[in-house]
Amino acid sequence: MLDYAGLEALAAVVREGSFERAARRLHVTPSAISQRVKQLEERAGQVLVQRGTPCTGTEAGRRLCLHLEQVALLENELRRAHPALVPDAQAPAPTLKLAVNDDSLSTWFMDAMAAFTAGGNELLDVRIDDQEHTAQRLREGEVIAAVTATAGTIAGCNSWPLGTMHYVAAASPDFVRQHFGTVGGDGVTPESLAGAPMMVYSRKDRLQDQWLQRQGLASRRHPPRHFLPSNQGFLRSCEMGIGWGMHPTVLIEEQLSAGTLVEMLPGTGMDVTLYWAHPRSAQAGLERLTQCVMSAASAWLGTGRKPRTGGTRKLSKR
């Protein structure tokens, strides 16, 4: 049998990053937290917390924290449906850790969050990461669900296709004229691109490089790069002529219509297919969240435009 007092102590240490902060969160002494975690590690026969600054969970420790989240989620649903069976009205609302790419968070995923939080008391802890890397957070047990571009099977998880996010290479008209001579794509060559500053969201962001390779525009000379890990800042920097970058059309349709951004090479967009994934063991507890995610994605993705109204979509496992 699992020691749930020990699991709560473990989860608090991993979440807060130290035994002292975990103790304050659970209103006990640091020595009590240390003893509970030590007993849990002895029962598990392995280290569950890497002591340091901050403290972090081992793979086994993160898996146990994920299990505790799933239990809390199921108990919360049971408490809402049958309050007499689980009468603890003081029980904290469960917090769900999710991994989402920033382009999704800036567009369609916020609708999913709004619908989900409006229908329950669950809290969300959203971790932003590149869509190529969110699946790794799910594999390691750091999050309970993720929006990912990983098409292959994730061990132990169910996944659903959400649709595609269409990206275009865009910059300000003045930037295009300065570096490529004219708007329309005629001057966009490997040589001109090698000297045109490129916006990159983070060191994990490969969209710009992938577009260059797909269009046969990559050269041995790497373009100068600005790094800017902010979606709004990324967009504004391109509008202001600081650099060019790959943008989802659902995010920049107004700028394209107004002409503050133009496609550098019209007709050469790139589609990124997104998936929603979570552990099979969390299927029941995450059913409502999954429905909200699928509905929001259905309304936004694949059209290249912001939705006028929401949509619904029947779940089918991938």
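Start by selecting His 247: at 2% relative accessibility, His 247 counts as buried. This is a predicted model, so every stop on the tour is a look at computed coordinates. Colour strand S9, residues 245-248, and you will find His 247 within that strand. Now show the residues around the side chain. Leaving aside residues up to four places away in sequence, His 247 touches His 166, Tyr 167, Val 168 and Ala 170, along with Phe 234, Leu 235, Cys 238 and Ile 252.

Next, go to Arg 225, which belongs to strand S8, residues 225-227. Is Arg 225 buried or partly exposed? With a relative accessible area of 30%, Arg 225 is partly exposed, since buried would require under 20%. Select Met 198, Val 200 and Asp 209 as well: these are the residues Arg 225 touches, again not counting those up to four places away in sequence. While you are here, draw a distance from Arg 225 to Trp 244. The two are 19 residues apart in sequence, and their C-alpha atoms lie 9.6 Å apart in space.

Now move to helix H6, residues 109-118, and select Phe 109, Ala 112, Met 113 and Phe 116, which are buried. Look down the helix axis: these residues cover an arc of only 100 degrees around it, so they sit on the same side of H6. What do the buried residues of H6 pack against? Among the strands, show S3 (95-100), S4 (123-128), S5 (145-148) and S11 (270-279).

For a helix pair, show H1 (residues 4-16) and H3 (residues 30-44), whose axes come within 8 Å and cross at roughly 110 degrees. H1 and H3 are therefore roughly perpendicular to each other, and H1 passes H3 in a left-handed crossing. To see the contact itself, select Ala 5, Gly 6, Leu 7, Ala 9, Leu 10 and Val 13 in H1, which meet Ile 33, Arg 36, Val 37 and Leu 40 in H3. Coloured by class, this contact of H1 with H3 shows 8 nonpolar residues, 1 polar and 1 charged.

Finally, zoom out to the whole protein chain. Its secondary structure comes to 13 helices and 11 strands, and its C-alpha atoms fill a box of roughly 70 × 45 × 30 Å along the principal axes. Of the 318 residues in the chain, 48% are buried. Among contacts with a separation of 6 or more, 72% are between residues 24 or more positions apart.

How values were computed:
Residues are numbered from 1 along each chain as its sequence is written. This is a predicted model: local features need pLDDT of at least 70, side-chain atom pairs count only at pLDDT 80 or more; totals for chains, interfaces and linings use all residues. Side-chain values use heavy atoms; hydrogens and water are left out. Axes are lines fitted to C-alpha atoms, for helices over the stretch in contact, and angles run from 0 to 180 degrees between N-to-C directions. Helices (H or I, at least four residues) and strands (E, at least two) are DSSP runs, numbered from the N terminus. Angles under 35 degrees count as roughly parallel, over 145 as roughly antiparallel, 65 to 115 as roughly perpendicular and the rest as oblique. A crossing is left-handed if the near helix is turned anticlockwise from the far one by less than a right angle, and right-handed if clockwise. Contact means heavy atoms within 4.5 Å. Ala, Val, Leu, Ile, Met, Phe, Trp, Tyr, Cys and Pro count as nonpolar, Asp, Glu, Lys and Arg as charged, and the others, Gly among them, as polar. Buried means under 20% relative accessible area, exposed over 50%, partly exposed in between (1.4 Å probe, protein chains only). The arc is that of the directions from the helix axis to the C-beta atoms.
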